[in-house]
Amino acid sequence: MQEALFWIVSFIAIACALGVVLSRNPVHSVLFLILTFFAISGHYILMNAQFLAIVNIIVYAGAIMVLFLFVIMLMNLNADAEPQKSRLVQFAGALSGGALFLVLLAAMRTAALSPLEKTTNDIGLVANLGKVLFTDYVLPFEISSVLFLSAMIGAIIIGKKGDAPNREVASGEQLDGMDNLVNTEQLSTGANANLPNAFTEADELEAIS
Amino acid sequence: MAALLLLLLTGVNAYEALTLPLEGKRLFNDMLMPGQVSAWFNTLMTGCTLLYVMLSGRDIRKVGNHVADYFALIFFTLCGLYILSSYNTLLMLFLGIEILSIPQYILAGADKRNLKSSEASLKYFLMGSFSTGILLMGIALLYGAMGTFHISEFSFPTTELFSPLALAGILLIVVAFGFKVSAAPMHLWTPDVYDGAPTPFASYMATVMKVAAFYAFIRLFHNSLGSVSNKWMLVIMIITAATLLIGNITAVFQQSVKRMLAYSSIAQAGFMLFAVLSVNELGRQSLIIYAVAYTLATVGMFTVLAKLKDYTYDGFNGLAKSNPMLAFATAIFIFSLAGIPLTGGFMAKYYAVSALMTQGNAMWLVLFGLLMAAVSVYYYFRVIWAMYFKPGTPQLHEPMTTTDNWLLLFTASLVILVGVAPQLVLAFA
């Protein structure tokens, strides 16, 4: 029974992950991504990690997905707006992605993983997780607060209005709502203009890896 | 204020390095394993940060409205550096890399009035997140093969049967580290980001933060993967050769000194990769001395650059006539970057090359490195040529104060000191 469930969940996960990459419409991609997260949560439950499964759904399928949808709808991305990639880049991407796939395939083929011993049934419960987090892993747990603090500071620095691009300092005018609107629009178009470029480079990076 | 705090931090680190019995100590359930060398490295890098803050504190204040936040972010990166210099599990490595990187993404985009700065930040963020993903994948594969996160407990079978899982993991980790230190095929972000970021932050990103990533690199690959160096050596050799080639050759064609410095930082990363390739005591020492010499000279160069209005080579025309002290300090930094004897850069290159020669299996790389160092002299000396032999009146943002002049001269004298007495830097390494 459990094995059958594993195969079903794995099939859903892989099929949906392919759907994320292959669908032309970004909104469909996001919906497929939600399904993928649900399938992965299913895996967690099969591994007896209930807490992880719930958190995965709440954080990823809930909060982060809403953010994704917001961004996609704000930027008005659709199939037509997809940046045109040259043949060469497509070829390089396919070649290097295939090479990475082969390496990983070779790694998995001969991998001899020692089977996990299931000691207790309640290993994934919140109580145990909390205990481990505050004893064995207390340093990573506390240190990640520095990480989040710097991310929060970054969000405030970047998001705070008052020094948006193209601000007319010389005129000394108080920025009213209209001005701000114009400014944000300019900012978003600027980001849009840069995006295709950045993505191509990310692709090149992928090509290299 | 920030300078005072940094002074305090340097003092504490020096105290740790000099007096506390750190060797072999494991902290927080084996999460950290600080040693005397790590503490000394921390001391040196905190000292460099202190110098950096004193040199470009005024330029940092001019970047935007959130000065306190910028300094806070710099302190956070120092926290990441301390983790990276003493981590003992891959978990801490990941956290350290992230704590080091996220402030960099923000600092790159600190100048919000400039679209280029925002572009740099976005590009860096997207690609950096991608490389973090690769690092995580590598860590996962390595964990799968080893069954533990603790790098001091990695054990590799001595027989021919080497786990391909571990090999794939190591490969992915090499790629991720290569991105962080801007090694050749993963260097594409470097020129755009350093060019777009505000000059004082580009200076910090190119020096202390890059060196911290290098130290983490060497810590993993020497201490725990050193016994299987024959498996990863060739990959890193090819990366090193490509880094040296691309960094130096592309730098020749640059018109802007800021972009030239970005490519030069790629080229210098090639020499620092020599230290990763030399799995011996000398390799680690050479990294530390290279870190100090390179950081001092590059921070100095960027500080000079931040004073000038025109970032092209022509912006330096006639600097020797109008600001002889500034020009003199710049010349010392350039000498050091090019590796002229009596400066820190020469000693650093000397140590790097001799470490690789001790390793003994990459003589072609040594020769190639020396050839590329000769190429680098050309583009570095164009700055000196412009300063001393071309007529012109360079435009400064504001006149140099005496403090600025003396600080720059002090930095230049430190560069010379490292070149004359490298054993001072290596006192505890």
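Trainee: How many residues does helix 4 of chain B have, and how far does it reach from its first C-alpha to its last?
Mentor: Helix 4 (residues 90-108) of chain B has 19 residues and reaches 27 Å, close to the expected 27 Å. The expected span is 1.5 Å times one less than the number of residues. Helices here are DSSP runs (H or I, at least four residues), numbered from the N terminus.
Mentor: Two notes first. Residues are numbered from 1 along each chain, and chains are lettered from A in the order written. This is a predicted model: local features need pLDDT of at least 70, side-chain atom pairs pLDDT 80 or more, while totals for chains, interfaces and linings use all residues.
Trainee: Is helix 4 of chain B mostly covered or exposed?
Mentor: Mostly covered: 17 of its 19 residues are buried. Buried means 20 or more other C-beta atoms within 10 Å, exposed 12 or fewer, partly exposed in between; C-beta atoms are placed from the backbone.
Trainee: Now the loops. What is the phi of Ser182(B)?
Mentor: Near 55°, a positive value in a residue other than glycine. Most residues other than glycine have a negative phi.
Trainee: Where is Ser182(B)?
Mentor: In the loop between helix 6 (164-180) and helix 7 (189-196) of chain B. Ser182(B) counts as buried because it has 27 C-beta neighbours inside 10 Å.
Trainee: And what about Leu342(B), what is its phi?
Mentor: Positive, about 80°. Leu342(B) is in the loop between helix 13 (324-338) and helix 14 (344-359) of chain B. Leu342(B) is partly exposed, with 14 other C-beta atoms within 10 Å.

Methods
Helices (H or I, at least four residues) and strands (E, at least two) are DSSP runs, numbered from the N terminus.
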